[in-house]
Amino acid sequence: MDINLKGKVAIVTGGRQGIGHCITQTFLEAGASVLTCARDGAGLSAQIEHWRASHGDRIAGIQADVGQAEDIDRLLAEVRNRFGGVDVLVNNAATSESGTLASLSDDQWHREFDVKLMAMIRTARAAVPLMLARGGGSIININAIFARQPDMTFYASSVVRAGCLAFTKLLAREHAAQGVRANAIGLGLVETPAWEKWHDPAQGSYEAFLKSSAEFYRVPMGRVGRMQEVGNVALFLASDAASYVTGTQLDVDGGMAAYL
Ligand SMILES: NC(=O)c1ccc[n+]([C@@H]2O[C@H](COP(=O)([O-])OP(=O)(O)OC[C@H]3O[C@@H](n4cnc5c(N)ncnc54)[C@H](OP(=O)(O)O)[C@@H]3O)[C@@H](O)[C@H]2O)c1
(Lines give C-alpha, C1' and ligand atoms only; values in the text may rest on other atoms or scores of the structure.)
Protein backbone atom coordinates (compact mmCIF):
# COMPACT_ATOMS: atom_id res chain seq x y z
CA MET A 1 0.00 0.00 0.00
CA ASP A 2 1.22 3.46 -0.93
CA ILE A 3 1.00 5.58 2.24
CA ASN A 4 1.16 9.23 1.31
CA LEU A 5 -0.25 12.63 2.25
CA LYS A 6 -0.35 14.17 -1.23
CA GLY A 7 -2.54 17.29 -1.27
CA LYS A 8 -3.07 17.27 2.51
CA VAL A 9 -2.37 20.20 4.82
CA ALA A 10 -0.90 19.48 8.26
CA ILE A 11 -0.10 21.46 11.39
CA VAL A 12 2.78 19.96 13.37
CA THR A 13 3.64 21.87 16.55
CA GLY A 14 7.25 22.02 17.71
CA GLY A 15 8.99 21.43 14.36
CA ARG A 16 12.26 23.23 15.16
CA GLN A 17 13.90 20.11 16.58
CA GLY A 18 13.20 16.64 17.97
CA ILE A 19 10.18 14.51 17.18
CA GLY A 20 8.25 17.48 15.73
CA HIS A 21 11.11 18.11 13.31
CA CYS A 22 11.13 14.46 12.26
CA ILE A 23 7.34 14.35 11.77
CA THR A 24 7.43 17.58 9.74
CA GLN A 25 10.17 16.17 7.50
CA THR A 26 8.32 12.84 7.12
CA PHE A 27 5.06 14.59 6.18
CA LEU A 28 6.84 16.84 3.66
CA GLU A 29 8.45 13.80 2.03
CA ALA A 30 5.00 12.15 1.91
CA GLY A 31 3.66 15.11 -0.09
CA ALA A 32 1.87 17.21 2.55
CA SER A 33 2.03 20.97 3.05
CA VAL A 34 3.06 21.65 6.66
CA LEU A 35 2.71 24.61 9.00
CA THR A 36 4.84 24.29 12.12
CA CYS A 37 5.72 26.49 15.10
CA ALA A 38 8.22 26.85 17.93
CA ARG A 39 9.08 29.43 20.60
CA ASP A 40 12.54 30.13 19.16
CA GLY A 41 11.51 32.10 16.06
CA ALA A 42 15.05 32.60 14.73
CA GLY A 43 15.96 28.93 15.08
CA LEU A 44 12.71 27.92 13.39
CA SER A 45 13.22 30.38 10.50
CA ALA A 46 16.65 28.90 9.78
CA GLN A 47 15.12 25.41 9.64
CA ILE A 48 12.24 26.58 7.41
CA GLU A 49 14.71 28.11 4.95
CA HIS A 50 16.56 24.77 4.85
CA TRP A 51 13.32 22.88 4.07
CA ARG A 52 12.24 25.49 1.47
CA ALA A 53 15.20 24.47 -0.70
CA SER A 54 13.64 21.00 -1.19
CA HIS A 55 9.94 21.58 -0.56
CA GLY A 56 9.29 25.19 -1.63
CA ASP A 57 6.06 26.78 -0.43
CA ARG A 58 4.76 23.52 1.06
CA ILE A 59 6.51 24.41 4.34
CA ALA A 60 5.86 27.40 6.61
CA GLY A 61 6.45 28.20 10.25
CA ILE A 62 5.60 30.86 12.80
CA GLN A 63 6.97 31.73 16.21
CA ALA A 64 4.30 30.58 18.68
CA ASP A 65 4.10 29.19 22.21
CA VAL A 66 1.44 26.46 22.37
CA GLY A 67 0.90 27.26 26.03
CA GLN A 68 -0.61 30.64 25.04
CA ALA A 69 -4.22 30.77 23.75
CA GLU A 70 -3.54 33.82 21.53
CA ASP A 71 -0.57 32.07 19.89
CA ILE A 72 -2.78 29.11 19.01
CA ASP A 73 -5.31 31.52 17.49
CA ARG A 74 -2.47 32.94 15.34
CA LEU A 75 -1.37 29.44 14.31
CA LEU A 76 -4.86 28.49 13.13
CA ALA A 77 -5.33 31.85 11.38
CA GLU A 78 -2.05 31.24 9.55
CA VAL A 79 -3.07 27.78 8.31
CA ARG A 80 -6.37 29.22 7.02
CA ASN A 81 -4.74 32.17 5.27
CA ARG A 82 -1.75 30.34 3.85
CA PHE A 83 -3.14 26.89 3.00
CA GLY A 84 -6.94 27.42 3.10
CA GLY A 85 -7.64 24.89 5.87
CA VAL A 86 -6.20 21.84 7.59
CA ASP A 87 -6.53 18.04 7.28
CA VAL A 88 -4.02 16.79 9.88
CA LEU A 89 -3.14 18.21 13.30
CA VAL A 90 -0.18 16.87 15.29
CA ASN A 91 0.06 18.17 18.84
CA ASN A 92 3.69 17.49 19.61
CA ALA A 93 5.33 20.57 21.21
CA ALA A 94 5.81 20.38 24.96
CA THR A 95 8.27 20.71 27.79
CA SER A 96 8.12 18.75 31.06
CA GLU A 97 8.39 19.98 34.64
CA SER A 98 10.35 17.79 37.03
CA GLY A 99 9.58 17.26 40.71
CA THR A 100 7.13 15.50 43.00
CA LEU A 101 4.25 16.52 45.27
CA ALA A 102 6.33 18.58 47.68
CA SER A 103 8.53 20.32 45.12
CA LEU A 104 6.25 21.04 42.14
CA SER A 105 4.84 24.58 42.39
CA ASP A 106 1.43 25.75 41.18
CA ASP A 107 3.18 27.56 38.33
CA GLN A 108 4.85 24.33 37.21
CA TRP A 109 1.54 22.44 37.34
CA HIS A 110 -0.15 25.21 35.32
CA ARG A 111 2.65 25.10 32.72
CA GLU A 112 2.25 21.33 32.38
CA PHE A 113 -1.50 21.70 31.83
CA ASP A 114 -1.11 24.64 29.44
CA VAL A 115 1.55 23.23 27.09
CA LYS A 116 0.13 19.70 27.02
CA LEU A 117 -3.62 19.37 27.74
CA MET A 118 -4.83 22.93 27.07
CA ALA A 119 -2.76 23.11 23.87
CA MET A 120 -4.50 19.94 22.61
CA ILE A 121 -7.92 21.29 23.57
CA ARG A 122 -7.37 24.73 22.04
CA THR A 123 -5.87 23.50 18.76
CA ALA A 124 -8.59 20.85 18.33
CA ARG A 125 -11.37 23.35 19.10
CA ALA A 126 -10.14 25.59 16.30
CA ALA A 127 -9.09 22.85 13.85
CA VAL A 128 -12.17 20.57 13.97
CA PRO A 129 -14.50 23.07 12.20
CA LEU A 130 -11.87 23.50 9.46
CA MET A 131 -11.58 19.71 9.11
CA LEU A 132 -15.36 19.29 8.99
CA ALA A 133 -15.50 21.85 6.18
CA ARG A 134 -13.12 19.60 4.20
CA GLY A 135 -15.04 16.38 4.97
CA GLY A 136 -12.80 15.04 7.76
CA GLY A 137 -9.31 14.94 9.17
CA SER A 138 -6.86 13.28 11.54
CA ILE A 139 -5.72 14.57 14.93
CA ILE A 140 -2.62 13.00 16.48
CA ASN A 141 -1.76 13.82 20.06
CA ILE A 142 1.83 12.97 20.98
CA ASN A 143 1.43 11.45 24.44
CA ALA A 144 3.35 9.11 26.74
CA ILE A 145 2.85 5.59 28.11
CA PHE A 146 2.85 7.34 31.53
CA ALA A 147 -0.78 8.31 30.76
CA ARG A 148 -1.68 4.72 31.69
CA GLN A 149 1.34 3.81 33.79
CA PRO A 150 2.12 6.81 36.03
CA ASP A 151 5.79 7.07 36.97
CA MET A 152 7.37 8.95 39.90
CA THR A 153 10.15 10.27 37.64
CA PHE A 154 7.56 11.95 35.38
CA TYR A 155 5.15 12.98 38.14
CA ALA A 156 3.31 16.03 36.74
CA SER A 157 3.57 14.71 33.19
CA SER A 158 1.93 11.39 34.16
CA VAL A 159 -1.07 13.21 35.63
CA VAL A 160 -1.49 15.53 32.66
CA ARG A 161 -0.90 12.80 30.06
CA ALA A 162 -3.81 10.79 31.55
CA GLY A 163 -6.01 13.82 30.84
CA CYS A 164 -4.62 14.07 27.31
CA LEU A 165 -5.59 10.44 26.68
CA ALA A 166 -9.12 10.97 28.05
CA PHE A 167 -9.48 14.06 25.86
CA THR A 168 -8.27 12.16 22.78
CA LYS A 169 -10.87 9.46 23.40
CA LEU A 170 -13.72 11.97 23.81
CA LEU A 171 -12.65 13.91 20.73
CA ALA A 172 -12.62 10.69 18.70
CA ARG A 173 -16.07 9.60 19.86
CA GLU A 174 -17.55 13.06 19.37
CA HIS A 175 -16.49 13.39 15.71
CA ALA A 176 -16.13 9.79 14.47
CA ALA A 177 -19.32 9.88 12.40
CA GLN A 178 -18.19 13.10 10.70
CA GLY A 179 -14.86 11.72 9.50
CA VAL A 180 -12.52 13.34 12.02
CA ARG A 181 -10.27 10.74 13.65
CA ALA A 182 -8.30 11.40 16.85
CA ASN A 183 -5.53 9.17 18.20
CA ALA A 184 -2.62 9.42 20.61
CA ILE A 185 0.91 8.07 20.25
CA GLY A 186 2.13 6.75 23.60
CA LEU A 187 5.87 7.31 23.74
CA GLY A 188 8.28 5.45 25.96
CA LEU A 189 11.85 6.74 25.65
CA VAL A 190 12.85 8.35 22.35
CA GLU A 191 16.25 9.89 21.80
CA THR A 192 15.91 13.59 20.87
CA PRO A 193 17.96 16.76 21.46
CA ALA A 194 16.00 17.13 24.73
CA TRP A 195 18.07 14.23 26.07
CA GLU A 196 21.41 15.99 25.63
CA LYS A 197 20.73 18.30 28.54
CA TRP A 198 20.13 15.34 30.87
CA HIS A 199 23.48 13.73 30.02
CA ASP A 200 26.37 14.35 32.42
CA PRO A 201 29.65 13.64 30.52
CA ALA A 202 31.38 13.04 33.87
CA GLN A 203 29.23 9.89 34.21
CA GLY A 204 30.31 8.39 30.88
CA SER A 205 29.59 8.64 27.13
CA TYR A 206 26.25 9.70 25.65
CA GLU A 207 25.79 6.17 24.23
CA ALA A 208 26.35 4.65 27.69
CA PHE A 209 23.81 7.11 29.10
CA LEU A 210 21.19 6.05 26.53
CA LYS A 211 21.85 2.38 27.26
CA SER A 212 21.62 2.82 31.03
CA SER A 213 18.35 4.78 30.60
CA ALA A 214 16.84 1.86 28.69
CA GLU A 215 18.04 -0.47 31.48
CA PHE A 216 16.71 1.78 34.29
CA TYR A 217 13.23 1.86 32.73
CA ARG A 218 13.43 -1.86 31.81
CA VAL A 219 12.76 -1.39 28.10
CA PRO A 220 12.39 -4.96 26.74
CA MET A 221 14.09 -4.04 23.44
CA GLY A 222 17.08 -2.86 25.46
CA ARG A 223 17.40 0.51 23.71
CA VAL A 224 15.71 3.88 23.47
CA GLY A 225 13.66 4.68 20.37
CA ARG A 226 14.65 6.66 17.28
CA MET A 227 12.68 9.70 16.15
CA GLN A 228 11.91 8.16 12.77
CA GLU A 229 10.22 5.27 14.59
CA VAL A 230 7.69 7.85 15.83
CA GLY A 231 7.55 9.66 12.47
CA ASN A 232 6.55 6.44 10.73
CA VAL A 233 3.63 5.81 13.11
CA ALA A 234 2.50 9.45 12.84
CA LEU A 235 2.50 9.11 9.04
CA PHE A 236 0.35 5.97 9.27
CA LEU A 237 -2.16 7.60 11.65
CA ALA A 238 -2.34 10.75 9.49
CA SER A 239 -2.93 8.77 6.29
CA ASP A 240 -5.97 7.02 4.83
CA ALA A 241 -4.26 3.71 5.67
CA ALA A 242 -5.55 4.31 9.24
CA SER A 243 -9.11 5.08 8.06
CA TYR A 244 -10.75 2.80 10.71
CA VAL A 245 -8.40 3.76 13.57
CA THR A 246 -9.75 6.31 16.03
CA GLY A 247 -9.87 6.84 19.78
CA THR A 248 -6.80 4.74 20.48
CA GLN A 249 -3.32 5.28 21.88
CA LEU A 250 -0.73 3.51 19.78
CA ASP A 251 2.36 2.93 21.95
CA VAL A 252 5.83 3.39 20.44
CA ASP A 253 7.93 2.21 23.36
CA GLY A 254 10.01 -0.87 22.55
CA GLY A 255 7.66 -2.89 24.79
CA MET A 256 8.18 -0.65 27.86
CA ALA A 257 4.50 -0.35 28.88
CA ALA A 258 3.57 -3.21 31.19
CA TYR A 259 -0.23 -2.75 31.07
CA LEU A 260 -2.59 -4.94 29.03
N1 LIG B 1 11.71 12.20 23.85
C2 LIG B 1 11.08 11.40 24.70
O3 LIG B 1 11.67 10.43 25.25
C4 LIG B 1 9.63 11.63 25.02
C5 LIG B 1 8.94 10.74 25.86
C6 LIG B 1 7.61 10.93 26.14
C7 LIG B 1 6.94 12.01 25.57
N8 LIG B 1 7.63 12.87 24.77
C9 LIG B 1 6.89 14.00 24.18
O10 LIG B 1 7.21 14.14 22.81
C11 LIG B 1 7.10 15.51 22.43
C12 LIG B 1 8.37 15.97 21.73
O13 LIG B 1 9.47 15.81 22.61
P14 LIG B 1 10.99 15.93 22.12
O15 LIG B 1 11.75 14.93 22.92
O16 LIG B 1 11.06 15.89 20.64
O17 LIG B 1 11.36 17.40 22.67
P18 LIG B 1 12.47 18.44 22.16
O19 LIG B 1 13.62 17.77 21.50
O20 LIG B 1 12.72 19.33 23.34
O21 LIG B 1 11.70 19.28 21.04
C22 LIG B 1 10.57 20.03 21.40
C23 LIG B 1 10.12 20.85 20.21
O24 LIG B 1 8.93 21.56 20.57
C25 LIG B 1 9.17 22.97 20.61
N26 LIG B 1 8.49 23.49 21.79
C27 LIG B 1 8.70 23.17 23.10
N28 LIG B 1 7.83 23.83 23.88
C29 LIG B 1 7.06 24.58 23.05
C30 LIG B 1 5.99 25.47 23.25
N31 LIG B 1 5.52 25.74 24.48
N32 LIG B 1 5.41 26.06 22.18
C33 LIG B 1 5.87 25.79 20.93
N34 LIG B 1 6.88 24.96 20.67
C35 LIG B 1 7.47 24.37 21.72
C36 LIG B 1 10.71 23.12 20.64
O37 LIG B 1 11.15 24.32 20.03
P38 LIG B 1 11.40 25.65 20.91
O39 LIG B 1 12.31 25.26 22.04
O40 LIG B 1 11.99 26.62 19.94
O41 LIG B 1 10.04 26.08 21.40
C42 LIG B 1 11.12 21.91 19.80
O43 LIG B 1 10.98 22.19 18.44
C44 LIG B 1 6.78 16.28 23.71
O45 LIG B 1 5.38 16.43 23.83
C46 LIG B 1 7.28 15.35 24.79
O47 LIG B 1 6.65 15.55 26.05
C48 LIG B 1 8.95 12.72 24.48
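This is a predicted model: local features need pLDDT of at least 70, side-chain atom pairs count only at pLDDT 80 or more; totals for chains, interfaces and linings use all residues.
# Cavity, pockets and ligand site

Helix H4, residues 106-133, gives the lining of the largest cavity its largest share, with four residues. The ligand takes up the space of the largest pocket, and 27 residues surround it.

**The cavity**

- The structure holds one cavity of 30 Å³ or more.
- About 70 Å³ of space lies in the largest cavity.
- Its lining is made up of Thr13, Val66, Asn91, Asn92, Ala93, Ala94, Val115, Lys116, Ala119, Met120, Ile142 and Arg161.
- By class, this lining divides into seven nonpolar, three polar and two charged residues.
- Two names in the lining of the cavity, Asn92 and Arg161, come up again among the closest residues around the ligand.

**The largest pocket**

- For the largest pocket, the volume comes to about 1300 Å³.
- Its lining counts 48 residues, and those closest to the centre of the pocket are Ala94, Thr95, Ser96, Ala194 and Trp198.
- Several elements give two or more residues to this lining: H1, strand E2 (33-38), H4, E5, helix H5 (155-175) and helix H6 (206-216).
- H4 provides the largest share here, with four residues, and H4 also holds the largest share in the lining of the largest cavity.
- Sorted by class, the lining of the largest pocket has 21 nonpolar, 17 polar and 10 charged residues.
- Ala94 is worth a look on screen: it is listed in the lining of the largest cavity and is also among the residues closest to the centre of the largest pocket.

**The ligand in its pocket**

- Of the residues that surround the ligand, the closest are Arg16, Arg39, Asn92, Arg161 and Thr192.
- Arg39 places a polar side-chain atom 2.7 Å from an oxygen atom of the ligand.
- Gln17 also has a polar side-chain atom by a ligand oxygen, at 3.1 Å.
- Ala194 takes part through its backbone, with an N or O atom 3.4 Å from an oxygen atom of the ligand.
- The ligand has 890 Å² of accessible area on its own, and the protein covers 91% of that area.
- Helix H1 (18-29) and strand E5 (137-144) are the elements that give two or more residues to the shell around the ligand.
- The shell around the ligand is made up of 14 nonpolar, eight polar and five charged residues.

**The second largest pocket**

- The second largest pocket has a volume of about 190 Å³.
- Its lining consists of 14 residues, and Lys8, Gly136, Gly137, Gly179 and Asp240 lie nearest the centre of this pocket.
- Split by class, this lining has two nonpolar, seven polar and five charged residues.

Key
Residues are numbered from 1 along each chain as its sequence is written. Side-chain values use heavy atoms; hydrogens and water are left out. A residue is near a molecule or strand if one of its heavy atoms lies within 4 Å of it. A polar contact is a pair of N or O atoms within 3.5 Å; within protein, one must be able to donate a hydrogen and the other to accept it, and residues adjacent in sequence count only if both atoms are side-chain atoms. Accessible areas come from the Shrake-Rupley method with a 1.4 Å probe; for residues, only the protein chains shown count as cover. On a 1 Å grid over the protein atoms alone, a cavity is a set of points where a 1.4 Å probe fits but cannot get out, and a pocket is an open set with protein on both sides within 12 Å along at least five of seven lines; lining residues have an atom within 4 Å of a point. A molecule sits in a cavity or pocket if more than half of its atoms lie within 2 Å of its grid points. Ala, Val, Leu, Ile, Met, Phe, Trp, Tyr, Cys and Pro count as nonpolar, Asp, Glu, Lys and Arg as charged, and the others, Gly among them, as polar. Grid points are joined across faces, edges and corners, and a volume is the space filled by probe spheres set on the points.
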